[in-house]
Amino acid sequence: MPAPDVPSRKGLEPPARTTFPADGRRIVFYLLHDAEGVVDAFIIHKLSSLRPHADHIFVVVNGTLTPESRSSIDAVADTVWERENVGFDVWGYKEALARVGDDLEQYDELILMNYTFFAPVRPFAGLFERVDAESVDFWGITDHASEEPNPFTGVGVLHRHIQSHWIAVRRSMFLSEPWREYWHTMPMITGYQQSVLEHEARFTHHFEDLGFRSFTAFPSSDYPSGHPALFNGDLLVRDGCPILKRRPLFHYPPFLDRHAVIGRWNLAEVRAAGYPLEYIWSNLARTVQPRLLFTNAALLEILPDSGLGDRPTVDRSIGVLLRVGDAETARELVARISASGVNVTRLVIVSPSRTETMVDFEEALVDLEDLLPGVDITLKPGQSRDDSTVALWREMLDPGRFTFLLKIDATEKDEYLRRHSVDNLLATGVTLASAVDLFRREPSLGMLVPSTPHTSTERLGRGWGPHRPAVEALCRTLDVHVPLDDVSPLGPFTGSWLGRTEALARIRTAPDQSQLSAGRRAREEALELSLVYVAGSDGYHTRAALTPSFAALSHTALEEKVDQLSSTTPGYPLEQIQLLHRAGWLGRGGVAALMRVYLRLHRPRLARAFVPVNNLVRRGVYQIRAVRHRLTERSPVGDDVVLEEESLL
């Protein structure tokens, strides 16, 4: 795709290298892309903070903005140009430079920057004051150390380079013929790797070889890694760096674990610096898989199960939905809720339809009214978890009536899973009070769920069960675009959760559950697994909770299981996981499974050639199983998922 060239100054001498003048003028080219055309608050905050240091802010949008977002960014930028999303950021810069043309001559510095970082976590003024005094041709905030061999090609050298999220160029360089030639010969960029090789990793070395001088404000040589923007974000912020890259909070968790990149430490430094974390959560909750964000930011909260704990400091209304099997459990849970001191204004108890149980409930109603005086208490008989309807949720998730909804499911027959479901949000009144107070302290928190159970269940690794298609369909219906988790979702697997009604209000427009899944058992589970994505779509993030007692149980058991699983596979967990993913589904370890593994690992082309045949076999096996399930009125879970996956190459 041809684009206008940067104007040529062939035959003219560029200005001499100088420091940035006291009365100098600066233009910023800000590259922005969002799949939904949304401009998040962190971008408006960043550009507003840049305004005192920039005479012109030129926003290059790869794509199209929503009318609301266009209006918000128009208020902080001088030029907003929406272009076709082609050529990645490189061609966005190339074409924007061409549009400005000869007007560049009125500026002393231009900055090419993009949307891949939060800023300013430290004031921009300190950065500009320090760098303006440097007599250089171009400069950046961070750099990447050289690597040999080049990790992208496997050969040669990846030269040290200023990272392309912020490259500032002075007149001495952008008015030169080499600068014009660089952009004139830039090929169309069609992929991320090409963008790195043709621009980011090339730019610094190319111009330094031509005699131009560079400067890095926070060079990798001052840090314990060659890539501090990814690996040492907390140290950079501590040293006064004004930016925090987004990538450490959404990159592949096993890779970050291998290099001990602790997102929570990054966020602690950012919070201490005074940057509003709500800007981070509102962007990442909408654009990142919830479990990725949960893992990288360590969003596990340990709630007290004894002692005084925290008390809610704001009197906000809470609706409570209890699913219990007997009146005694209802009394116990209501007593804990009463001891919390939270402002409950509505309590709905859903119970089985056994006549004798309902008599017990009706007798217990007086006791419950004594525990929660003045609270509207309703008993709803005849509703098992399988038969719940959206109608009840539409009532309880009304932001006009309640600030929060607490849902507790105490009907699980397995003792461990039942206690896991209940106690991690409602072990005592202190637990619930602390959970509510967490929402007060974190205004962008949308949901709090018990941590994913891994004892007495095969949930890990197959957390979606049969529900992913139903959740995908529901998200399409609700116009929710948060990316679904690849392996297991982050969600209320045990049916208990605490949510901010404003964050979940969109679910009230969900269709009747009968349209969501063929199996009765899957209906409410699919709805609940969608809640995290619904909250994320409106910028609210999700956290998980454990009490100290369950944290001890969970960590010791998980540590032993990982130890055992790692005992036969070499390398760090990152390498072990990569090996197992390449090997694919192991099935029951029979001859056929071992042959599939061998082909995937050692003859991948041959393995891919068998895929069409395997797909036919898979569909046939699954159809047979589906017929059998319909005849026996069972939902296709458990071993049936194993059978489906087992046939895959």
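**Exercise 1. Cavities.** How many cavities of 30 Å³ or more does a search of the whole structure find?

*Solution.* First, the ground rules. The model is predicted: local features need pLDDT of at least 70, side-chain atom pairs count only at pLDDT 80 or more, and totals for chains, interfaces and linings use all residues. Residues are numbered from 1 along each chain as its sequence is written, and side-chain values use heavy atoms, with hydrogens and water left out.

Step 1. On a 1 Å grid over the protein atoms alone, a cavity is a set of points where a 1.4 Å probe fits but cannot get out. Rolling a probe the size of a water molecule over the atoms shows where empty space is left.

Step 2. Count. The search finds 5 cavities of 30 Å³ or more.

Step 3. Take the second largest cavity. Its volume is about 70 Å³. A volume is the space filled by probe spheres set on the grid points, which are joined across faces, edges and corners.

**Exercise 2. A cavity lining.** Find the residues that line the second largest cavity, and sort them by element and class.

*Solution.* Step 1. A lining residue has an atom within 4 Å of a point. The lining consists of Ala-285, Pro-290, Leu-293, Phe-294, Leu-299, Leu-490, Val-532, Gly-536, Tyr-540, His-541 and Thr-542.

Step 1. Helices (H or I, at least four residues) and strands (E, at least two) are DSSP runs, numbered from the N terminus. Two or more lining residues come from each of α13 (290–296), α21 (520–537) and β18 (541–546). The largest share, 3 residues, comes from α13.

Step 2. Ala, Val, Leu, Ile, Met, Phe, Trp, Tyr, Cys and Pro count as nonpolar, Asp, Glu, Lys and Arg as charged, and the others, Gly among them, as polar. This lining has 8 nonpolar, 3 polar and no charged residues.

**Exercise 3. An open site.** Describe the second largest pocket.

*Solution.* Step 1. A pocket is an open set of points with protein on both sides within 12 Å along at least five of seven lines. The second largest pocket has a volume of about 1400 Å³.

Step 1. It is lined by 48 residues. Thr-116, Tyr-192, Lys-245, Arg-247 and Phe-250 lie nearest its centre.

Step 2. The elements β1 (26–32), α1 (41–50), α3, α7 (192–209), α8 (228–231) and α12 (277–287) each supply at least two lining residues. The largest share, 4 residues, comes from α7.

Step 3. By class, the lining has 20 nonpolar, 18 polar and 10 charged residues.

**Exercise 4. Packing around α6.** Work out how α6 packs with α3 and with α7.

*Solution.* Step 1. Axes are lines fitted to C-alpha atoms, for helices over the stretch in contact, and angles run from 0 to 180 degrees between N-to-C directions. Angles under 35 degrees count as roughly parallel, over 145 as roughly antiparallel, 65 to 115 as roughly perpendicular and the rest as oblique.

Step 1. Helix α3 (residues 88–100) and helix α6 (residues 177–184) pack at about 125°, with axes 10 Å apart. That makes α3 oblique to α6.

Step 2. Contact means heavy atoms within 4.5 Å. Val-90, Tyr-93, Lys-94 and Leu-97 in α3 meet Trp-179, Trp-183 and His-184 in α6. This contact has 5 nonpolar, 1 polar and 1 charged residues.

Step 3. α6 and α7 pack at about 160°, with axes 12 Å apart. They are therefore roughly antiparallel to each other.

Step 4. Pro-178, Trp-179, Tyr-182 and Trp-183 in α6 meet Glu-198, His-199, Arg-202, Phe-203, His-206 and Phe-207 in α7. The classes are 6 nonpolar, 2 polar and 2 charged.

**Exercise 5. Backbone exceptions.** Locate two cis peptide bonds.

*Solution.* Step 1. Most peptide bonds are trans.

Step 1. A cis bond joins Ala-119 and Pro-120, with omega about -10°. Pro-120 lies in the loop between β5 (117–118) and α4 (124–132).

Step 2. Another cis bond joins Glu-148 and Pro-149, with omega about 0°.
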